[in-house]
Amino acid sequence: MLLVSGCPSYAQIAPPKFKIFQTKDGLELNSVYSIAQGSGGYMWLGSGIGIQRFNGYRFEKWNDGVQPSRAAYDIYEDAEHRIWVSNPGSLYRFQPGSKTYELLTFPAPKNYSYRLEFLKEDQSNIWFYVHSIGFSCYEKESGKLKSLIRFDSVYKPIRNQNQLQSVAVLQNGNFWTINNNDADPLSISFDGKTLSVKSFQINHWGEIKGMIPVKQGVLVLGTKQTAVCKEGNLDSPLLVLSKNNIPGNHNRWFTYIRTNVKDPNAILFPGNDGIYQFNESTLKLDLYLKSDISENVSRQMVFALSEDANGNIWIGKDVGNGLLLFNPNKSVFKQLNAPPERFSIVYSMCSDPDGNIYAGNFEMGINQFNKEGKWLRHFEIPFTELNQPISPRSIHYVGKKCLLIKSLTGKLFLLHTKSGKVDDITPILPLSTLLNPVSFDGNIEAVSENKWLITKGQHLISLEEKKGKFIATIVKEIKSEFPLSIVRHKDSSIYVSTINKLYVLQGTRFDSIPLPRSCHIKDLHFAKNGTMWLATTSGIDLFAGGKYQKTLSTATGLLNDYVYGILEDSSGRHWFSTNRGLGSIDNNNTIHFYSEEDGVQGEEFDTQSFCYGANNELYFGGVKGITGFDPSKLLNQKRKTAIMITSVTINGQDHPFKLTGNTLSLELDYHQTNIGIELSLTDFANTSGNRFVYKIDNMGIDWVQLNQTHFIQTSLQPGTYRFIIKGSSDGASWTPEFIATIVIHQAWWKTNLFIGFIILLVIIGIALLFRFFSNRRLERKMQELKTLNEIQKERERIGRDLHDNIGAYTTSLLANIDAIEKKLPEKTSLQPLKEDAQEILGTVRETIWILKNESRPLEDFIDSYKMYVNKMIQHLPFIKFECTENVEGSMDLSPVQCLHLNRILQELAQNTLKHSNATAIYTSFHLKEHFSFTYYDNGITYNLEQVTKGDGLNNIEYRANEINFSIQTEEADGHLIWTFKQL
C-alpha cells in the first residue's frame, strides 16, 4: 500500500470566475438539484419545483402538469432521447420535445419519500438506485418497472437507512454501496441479480461520503481518509491519497463527473474546501476550484455537477447563486490584481527591460507588477492638476529606472522606480505650450535612446535627455487642428494624428494622408510587414505605402467598432482592445474575440492601456483591471460547438419542429410566410459573443450577418428555400453548416393542379360556349336561309307575276303600237311611244333579274351603262359621250349593287339631259384595291349647297349609303365632278 501523507497538493490558481444564473435571469429557484445536457445541446436543470430547459439565452419551463411541490433530484436522457426525471417518491419521463409526461411509481415503504438516482443504461434496461432501499430497473422490452431488489432482503435490519449515501457503478457493471452504520458497517454489492453483503472496519474511514469508480478500482472518500480501493475491499486500500477530511461532514448526497473534453483522465467532485480533481493517470488529488468569500463551491452547497460537450463545468447549488458555469479556458488569461485601495481605471501602461509591468491609474498613482503578474508596489504622485490628483495618461520607461509620465492635462513628471521619488519637470516645456492644458490621447514615442516625442495641445514636442537633464523643443505647431492626439515614429518619419486627420512629417515637409472617413484615431501601429494600422472609434483602417486599403468593422466581423489600441505578437497576429473585449486578426483575416465571460478583465478597455511584456506576453488594461496572456497558448484553445435551433415561430406563433441530424425541415401553408428561427450554440460559456451568419442557397446573396441578435426573421413567398446557417462563439471557429429547408406551398388556387383544372374548365366552357353560339349561329343561318329561301320564292313569284302581267301587257302594248303604226299615214311615227314601252319592258326585265338575286360582272355592268347612255343620246347628235375604264382584275356586283349603281348613273345622266344644257358626258370607272367611278358633264355648274335637293339628289345619296359608297363633289374647270368610292 502506498501512503501519501499530509495535505493534498492544491493547484495554485487564481480565484475562479463564474457565469452566474439566478431567478432574475429566468431560473425558477436559486436552488439547482440536478443538471444534464441533452442530445440536442440543451441544458436540463432540476429544482425544487420541477425542471427547466436552457438554450443559452433563456430558461424554458418544462414542468407543465407536474406537481410543483416535487423536487427534480436527477435528470437522465435515454438512448431514445426521452428525458427521465426523478423526485421523491416518483419517476416521470417526457417524450422528445414534448412537455407531456408519463408517471411511473415504485413499490416502497409507506410514508417514505425515496430518492432515485439513474445508474446506467444497457441494451435491455435502465437501472436506478433507490436511495437506502435497493435497486430496480425499467425493462425496455415490456415497458415496465421491475420489482425492487431491496437491501433489507439480505440483511435485517438496516438500522439507519439514511447512511446508505453513495453508490458506484463499477467497470464490470456491478453496483457497490456502503452502509455507514458505526456498529455494523456494511459493503453491499449487486451484480444485476444477487445482492452480497460484507462487513468492514469503519474506524479507518470515519464516515464514507462518496465512492467513484476509477481505472484502478474505486476512489473512496471518507472523513478520515481518501483512498483508492479494490472492489469490495475497504480494509486494505491500494493507495491512500489523503488523511484529511476531503469530502466534509455534510450529509448531502454525493455527486461527481468524469470530464471528457478538457482532460479525459480527470474526475471532479465537491468536497470540504471546494471542488476537487482526481487524475486517473497521475493519481493526484488537487483542489480544482477553491471556495472563497464570493462563491462557496464546497460539498455543503453543491448539489450537482455536469460537464457539457464543450468542456464547461456546470455547478448546481442549494441556495444563493443557484447555477454557476465555469469555463476552464479562462485560466489561460492572467489577471493582474492590485489591492482595491490602490486600484482605479487603468489609464496607461508600459514595461521595463526586466519585464515588469507598470499601470497608471485614474487619479490613483501607478502600480508595479513583476513579469509573472504579481503585484509589487504602488507609487504615489504627490502633485495635483486642476485641483484633482494626477492621472497618468501616458507613461514610458526612460533612462535608468525611471518612468516618464505625461498627465491628463499634459504635465510632465519623472518617477524614479527605485526610490519612488517623483519630479515635476513640466517647467521645461516651452511657455507657449503651457497655455493649452489639453492632452487627452497623447502618447510618448521613443525616437532614440535619449530622445522622445510627445504632444500637448496643438504642439508636437521633442524631449531630449542630455547629461541627466531634459530639454523640450517644439517640432511642429498645427494651428488648424485641435487637439493633437497620437504620434508614431518610423524610418525618420513622424506620423501625427488629430481627432479626424492624419499627417506625416518628413524633414520640413508636413503632408496630410487622406482618410476614408471622419473618425477619432486612438492609436497608430506599424506592422512588421510595413502596413499601418489605425485604431479608431469606427473600426480599424489599414494603409499600405501611405494609401488606404480597407476598413475592419462590425460589418466585416468585429464585435465592436470602438478600438483603443493594437499590439502585434511574434507570429504577426494583431491583437486589439475594444469596448466589447479583446480581438485578434491573423494574416488570413480570421478574427477571434474574447469577452469577460472568456476571462478578460472586463468588456471595456481604455486608451494607452496596452504594452508588451516578457516572454512574448501581451497586456491590456481597462476599467476592471489588467489582462495578460501568451498568444500562442490562447490560440491553442480550440472551441468546438454546433448550431442549435431553439424555437421556430410562424406568423408570430410558436411552431412545432423536429430536427434530423444537422437539418431542419418545415412544410408550411401558403399563408405561413412570416418565419422566425431562434438560434443558439452548444457552447454556453460566452453567449454574448455568439455570432451567426446565414445565406439562402441559389439566391445569389452572400452571407448575412446577424449582428447582436440570434434570430433569423424573414418573410417569404411560396416556394422552396434552403437556408445555410453557421455560428461561432469566438469569431474564428465556425460550426459545421446547418441546413434549414423551408417549403411554403402555393395557395390551393395557385397550384399547377388547380390552375390546370381551371384551364380545363375554361377550355370546356369556351368549347361549350363556342358550341352554343355556333349552334345559335347555325340556327340563325338556317333561319336566314329559310327566310332568304322564302324571300327568294316570293321574289320569283313577283318576278313571274311581273313577267306574266306587266311584261305581257307591255309586250301587247308594243304589238298594238306596231299595228296602229301600220294603219297611220306614212309620215306619222309612234316611235317615242314605242321606245317608252320598250323602256318599261327593259325596266321590268331588270327588276325581274334583281329579284332572281344573280350577281353580275363589273364589265357587264359597265357595258350595260354605256348602252343605256348611247341609247339616250342617239337622237341628240350634239352630245358627246366618253367612258373610260381603268380596271385591274375582276369584280362581281351583287344585284342590289347593280340596281343602286344603275339608278345613280341613270339619275346623273337624266339630270344632264334635262338641266345642264351639256354637249358632253364623261364617265370613268376605276378598280384596283377599291372600286370607284366619276361622272361629270360640261354643262351648267350649280352649287349643291345652294340647290334645294329634290327626289333625284336625295335618291342618289340614299342609294350610295345603301351599298356603302361615299360621295365627293368638287368643281374643276367650271365643271361639277361626282366621285363615288366603295368603302
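Predicted model: local features only at pLDDT ≥ 70, side-chain atom pairs only at ≥ 80, totals over all residues.
Within α5, the residues Leu858, Phe861, Ile862, Tyr865, Tyr868 and Val869 are buried. These residues lie on the same side of α5, because the arc that they cover around the axis is only 120 degrees. An α-helix has 3.6 residues a turn, so residues three or four places apart point the same way.

The sheet is open and is formed by five strands in the order β72-β74-β75-β77-β76, with mixed pairing. The edge positions are taken by β72 (880–887) and β76 (965–972), each of which has a single partner strand, so that one side of each is left without a neighbour in the sheet. From one strand to the next, the twist averages 15 degrees.

Strands β75 (residues 931–937) and β77 (residues 975–982) pair in the antiparallel sense over four bridges, and Phe933 has Phe980 in β77 as its bridge partner. Two helices can be described in relation to this sheet. Helix α5 (residues 858–872) packs on the sheet and touches β72, β74 (920–927) and β75, while the direction of α5 makes about 175 degrees with that of β72. Helix α6 (residues 895–916) also packs on the sheet, where it touches β74, β75, β76 and β77, and the direction of α6 makes about 15 degrees with that of β75.

Key
Residues numbered from 1 in each chain as written. Heavy atoms only, no water. Pairing = 2+ DSSP bridges. Axes fitted to C-alpha atoms, helices over the stretch in contact; angles between N-to-C directions. Contact = heavy atoms within 4.5 Å. Buried < 20%, exposed > 50% of the residue type's maximum accessible area, 1.4 Å probe, protein only. Arc of directions from axis to C-beta.
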